[in-house]
Each structure stands twice: as structure tokens, then as C-alpha cells.
Amino acid sequence: MLDYRTHTFLTVCRTGSLTRAAVELHVTQPAVSQHIRQLERHYGTPLFAKTGRGVEPTPAGQLLYRQLSAMENDEARLRSELAALNGNKGARPPLRLGCTRTVADFVAPRVLAGHLRRHPDERLLLRTGNTAELVDLLDRGEIDLALVEGSFDRALFESETFSRERFVAVAATGARPARITDLLGMRLVLREKGSGTREILERHLAARDLAVEDFAGVIELASIPAIKACVAAGAGVSFLYRVAVEGELSAGELADVTPADFVIEHDLSLIWQRGSRYGARWRALLREW
């Protein structure tokens, strides 16, 4: 069981301010400061350093945050599970899964349908967002695990590979060019900053000394169906996982124009907080899926 000083510490880490933490916790700022000093005496090291806008964790504070954050989120789930064992069926926690939008639209329906056939009494809660948003939800304990396509901090999150997917360029028509530079004369239709598909594209372009700004123009859309419709109408070229465009490629509505020098495969990963006592459960769930 974590005590009040632990919750104070975690809140200061997340807000970056003693004042904002006091407001969120409904206590006074001197009380927050006292809790932090007590923890610093207990661990024998400073946990925060002052900045121009508040405070930030020291290296010791960052290490403590990683450990205590996972413990806090595990404890919340454990309380719900114990309440369910005591006869409060409504307290049984759902499996709270986060998915990036590509995964949510084109992978998760099959996975979750199979999961519910095997576990008909399971409650499910699905949250969608880009990789950055899902990482934040995991950190705050609002979801248990996430299927993501983008990069994440491996010091903070454990992971297992769910699948390896092809990453392709699509346009309304056209043959596959030999070089990625052959597509620069087209307008680029892509996801918003923070999305996994955009981060992957930008990283592979950078490895070739290119950037999205090198295309003839850029259109940003937060919806994958909107991107596909826009490209199918002739607005330009986009880069998406093949699993997201299989239907359109089969129907001839889109053409695979992936350059020969830009063949990419990327992992979809299941991630959860490092140090969580539920890690073995999530690994077993991945093997089942």
C-alpha cells in the first residue's frame, strides 16, 4: 500500500509544480513541500531541482518515479480485483487497451473479437490515440497496455512484438518507381505530428537526408479513412501500413507505388509500464492473441 507522500511525489512529477500539485491534491503547498522533504530524507537524496517554471525530477527522482508510478497503477487495479472477489461484480476492472488509430481500425477488431470468444465474461475498454497520447495514458494509469506503431521510451515501458507489418506508399494510380526521390514531385498526405505512421516515415526519410517538406506539398489529416479517400481522389501520395489499405489495393482504388529503395517493415508492439506486477499476465495475453 502506497502512502500519501508517494501520491504527493507522483503528482509533483506529473504537474512539474508544487503549487499545481497542492491544488490537485486539495492540500496546502507547505504540506506538499513537507511530504517531499520527508521522502528526500528517507531516500537520502534530492528528488527535485528548481526550474524557471517550477520543478523537475533529479536523476534519482526520475528513477523513483518510474518505480512508484507502476506500483501506484498496479495498486489501483489490484483494489478493483479484490473488491470483485468480495462479491462486488461491478468492481471487476475491465481490460483497458489503448491502440493507435491504424491498429484500432484494422487490427484490433479481429483480435478483440477472438479474445471475447475465449473470455465471454471479460469487460473491455478500448482507447485510441497516437503513440504519444497512449504513452501518457499508460503513465497515468488510465489504460493497462497499448498496441502501438511508433517509438516509445524503453526505459519506461516493457514491450513484446505483436506483428511485423509492411509500410507502403500508395497513390491513385502509378507504377513503382526506383527511388523515393521520384515521388518528391507529388503532394504528401500524412497523419498529424505524434502519430506512429508519421514518425516512421520521417525517420526513414531522414536516414536518406530527406524530410516531408521536400515533397511538392503537405496535407495533414488525423483520419486514416480521410487520408485514403483523399489519395484515391488524386490528391497525392501517402505512406501507410499495408494492412490499412489491403481493401483499396485489391479493389484497384489505390496503387502500391512503394519505391524499390524504400521497402520498410515495422513492428507493432504491445507495451506496458516497466516494473508492473502484471507484466507476466500481459505477455501471456500477447501469446494468446
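Student: Which residue in β4 is the bridge partner of Arg96?

Tutor: This is a predicted model, in which local features need pLDDT of at least 70 and side-chain atom pairs count only at pLDDT 80 or more, while totals for chains, interfaces and linings use all residues. Residues are numbered from 1 along each chain as its sequence is written, and side-chain values use heavy atoms, with hydrogens and water left out. Strand β4 covers residues 124–128 and pairs with β3 in the parallel sense over 5 bridges; two strands pair if DSSP finds at least two bridges between them. In β4, the bridge partner of Arg96 is Leu125.

Student: Why is β3 largely enclosed by the rest of the structure?

Tutor: Buried means under 20% relative accessible area, exposed means over 50%, and partly exposed lies in between (1.4 Å probe, protein chains only). Strand β3 runs over residues 95–99, and it is largely enclosed because the number of its residues that are buried is 5 of the 5.

Student: How many helices and strands does the chain have?

Tutor: Helices (H or I, at least four residues) and strands (E, at least two) are DSSP runs, numbered from the N terminus. By that rule the chain has 11 helices and 11 strands.

Student: How many residues are in the largest nonpolar core?

Tutor: A nonpolar core is a set of buried Ala, Val, Leu, Ile, Met, Phe, Trp, Tyr and Cys residues joined through side-chain atoms within 4.5 Å. Leu201, Phe239 and Trp289 have the most contacts inside the largest one. Its number of residues is 41.

Student: How many residues are in another core, apart from it?

Tutor: That core lies apart from the largest one and includes Ile36, Leu39, Phe48 and Leu64. In soluble globular proteins, nonpolar side chains tend to be buried together. The number of residues in this other core is 15.

Student: Is Thr58 buried or exposed?

Tutor: Thr58 is found in the loop between β2 (55–57) and α4 (59–85). Contact means heavy atoms within 4.5 Å, and Thr58 touches Pro46, Leu47, Phe48 and Ala49, not counting residues up to four places away in sequence. With a relative accessible area of 12%, Thr58 is buried.

Student: What separates the C-alpha atoms of Leu63 and Leu156?

Tutor: Leu63 is found in helix α4 and is partly exposed, with a relative accessible area of 45%. Leu63 and Leu156 are 93 residues apart along the chain. Their C-alpha atoms are separated by 9.6 Å.

Student: Which residues does Leu116 touch, not counting those up to four places away in sequence?

Tutor: Leu116 has its place in helix α6, residues 108–118. Leu116 counts as partly exposed, at 34% relative accessibility. Not counting residues up to four places away in sequence, Leu116 touches Glu122 and Leu124.

Student: What percentage of the residues in the chain is buried?

Tutor: The chain has 289 residues. Along its principal axes, the C-alpha trace spans about 65 × 50 × 25 Å. Of the residues in the chain, the buried ones make up 47%.
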